[in-house]
Amino acid sequence: MKKSLFRIPDGIGCLVIIGLIFGYLGSIMGLPNMLNTIMHTAHDLLLNTVFYLMAICVITGALGRLFVEFGVVKLIERLLRPLMGPLFNLPGVASLGAVVTFLSDNPAIISLAQDKRFSGYFKKYQYISLTNFGTAFGMGLLVIVFMMGQGFYAEPFIGLLGAFIGCIVSTRLMQRFVVKAYPNYAEENVVEEAVETHREEEEQKDSLFIRILNALLDGGRSGVDVGLAIIPGVLIISTLVMILTFGPATEGYTGGAYEGVELLPRMAGKVSRFFEWLFGFHDPHLIAFPITALGAVGAALGVVPNFVAEGWMDGNAIAVCTAIGMCWSGYLSTHTAMLDSLGYRKLTSKAILAHTIGGFVAAIVAHWIYVLYALIG
């Protein structure tokens, strides 16, 4: 096959796109102001948002490791196990995946799924749906603690319930898509024979104090790793979202942090009735959160403090953003890698479609539960 003589090199295409973006921003803000705003916004996000998120990651990481060390995770897993079949059409051991991803992040379920002692309980169509199942709980503890840190307490748990419903929809939709495309996966096992997952624990030789200390320090260290991992997403994605969301300062463009061109609110304003009916959003700026959560929930959390300070976020918005933030949890940036590691990359588009629907369901459910909560309260 002959190559097209008119094919534009990738490098030129990249330069054109970058030029259009910065040209548009610079034409409105002025080039010096645009550059200063980018740097000041990224710097403020690093100091006041990323380090706050990292502190939460360290604390929740330490708490999660302590739960693992002293059997709390196993206890929760046993309590949740009876729900797996009726709600998610998954074996009982899948509850362990929900717990570990809630305490850490989406990819945690992949390392678990690659253990034959775990995957041996699954049919292939169930095994593939673990990508959707685990993603809906990813970084759940971090999201809830962060939202509570903004002064909201009942609303994040309403969002958790919404994310739970969205997870059911996403997981079962993915299973339906897989069986429809590959009917034989409904009967084929992932491995020939399941290996017992509950091995007898080795006798603990360390003292209680040393076990607690090691669990806290090891968990805190893993929290630092997560905190470092979210820095690029928060600084790059959130800075861009902030510039596209906020407007100029009262005295015009000065190059200060959080100035912008208000493109996203203007676009969202054209369909504001739709988002008000769907999510109960009363301000078009709020659409920036779910857009950012598509790529990284950590970056989406980065916009919350400023939105709360501006008075754009009420209890309903916190519940909805918690639900959609948890359920989507940056799935566009993780689903491909997760399915690739499981060996089913060809099903990525189906997983993304199912999870997109699940996220919308999570947000809608959280909105109407909050409405009911507000009426009762």
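This is a tutorial dialogue on how to read some features of a predicted model.

Colleague: Before we start, what should I know about the ground rules?

Modeller: Residues are numbered from 1 along each chain as its sequence is written, and side-chain values use heavy atoms, leaving out hydrogens and water. Because the model is predicted, local features need pLDDT of at least 70 and side-chain atom pairs count only at pLDDT 80 or more, while totals for chains, interfaces and linings use all residues.

Colleague: Let's begin with the inside. Which residues of the largest nonpolar core touch the most other members?

Modeller: The general idea is that in soluble globular proteins, nonpolar side chains tend to be buried together. A nonpolar core is a set of buried Ala, Val, Leu, Ile, Met, Phe, Trp, Tyr and Cys residues joined through side-chain atoms within 4.5 Å. Buried means under 20% relative accessible area, exposed means over 50%, and partly exposed is in between, with a 1.4 Å probe and protein chains only. Here the largest core has 93 residues, and L130, F133, M147, F289 and M313 touch the most other members. Helix α18 (residues 315–328) gives the most to this core, with nine residues. Helices are DSSP runs of H or I, at least four residues long, numbered from the N terminus.

Colleague: Which residues does M313 meet?

Modeller: Contact means heavy atoms within 4.5 Å. Beyond its neighbours within four places in sequence, M313 is in contact with F152, L286, F289, V304, F307, V308, I318 and C321.

Colleague: Why is the pair of F274 and F275 called edge-to-face?

Modeller: Their planes stand at 70°, with the ring centres 5.3 Å apart, so the pair is edge-to-face. F274 is partly exposed, with a relative accessible area of 45%, whereas F275 is buried at 16%. Ring pairs also link F274 and F275 with F279, F281, W328, Y331 and F360 into a cluster.

Colleague: Now for charges. How many salt bridges are there?

Modeller: A salt bridge is a side-chain nitrogen of Lys or Arg within 4 Å of a carboxyl oxygen of Asp or Glu. The whole structure has four. In one of them, E69 pairs with R211, with the closest N and O atoms 2.9 Å apart. E69 lies in helix α2 (residues 31–69) and R211 in helix α11 (residues 208–229), so this pair ties together parts that are 142 residues apart in sequence. E69 is partly exposed at 28% relative accessibility, while R211 is buried at 17%.

Colleague: Where do R221 and D218 lie?

Modeller: Both lie in helix α11, three residues apart, about one turn of the helix. Another salt bridge joins R345 and D340 at 3.1 Å, N to O; R345 is exposed at 52%, and D340 is partly exposed at 37%.

Colleague: And D283, is that residue buried or exposed?

Modeller: D283 is buried yet has no salt bridge, and R266, the nearest side chain of opposite charge, is 13 Å away. For charge, Lys and Arg count as positive and Asp and Glu as negative; His and the chain ends are not counted. D283 lies in the loop between α14 (272–279) and α15 (288–293). The side chains of D283 and H285 are joined by a polar contact of 2.4 Å. A polar contact is a pair of N or O atoms within 3.5 Å; within protein, one must be able to donate a hydrogen and the other to accept it, and residues adjacent in sequence count only if both atoms are side-chain atoms.

Colleague: Last one: what is the phi of M139 near?

Modeller: Most residues other than glycine have a negative phi. Phi of M139 is positive, near 55°. M139 sits in the loop between α8 (130–135) and α9 (140–149) and is buried at 5%. N89 also has a positive phi, of about 55°, although it is not a glycine.

Methods. Helix = DSSP H or I, 4+ residues; strand = E, 2+ residues; numbered from the N terminus. Phe/Tyr/Trp six-rings, centres within 6.5 Å; stacked < 30°, edge-to-face > 60°.
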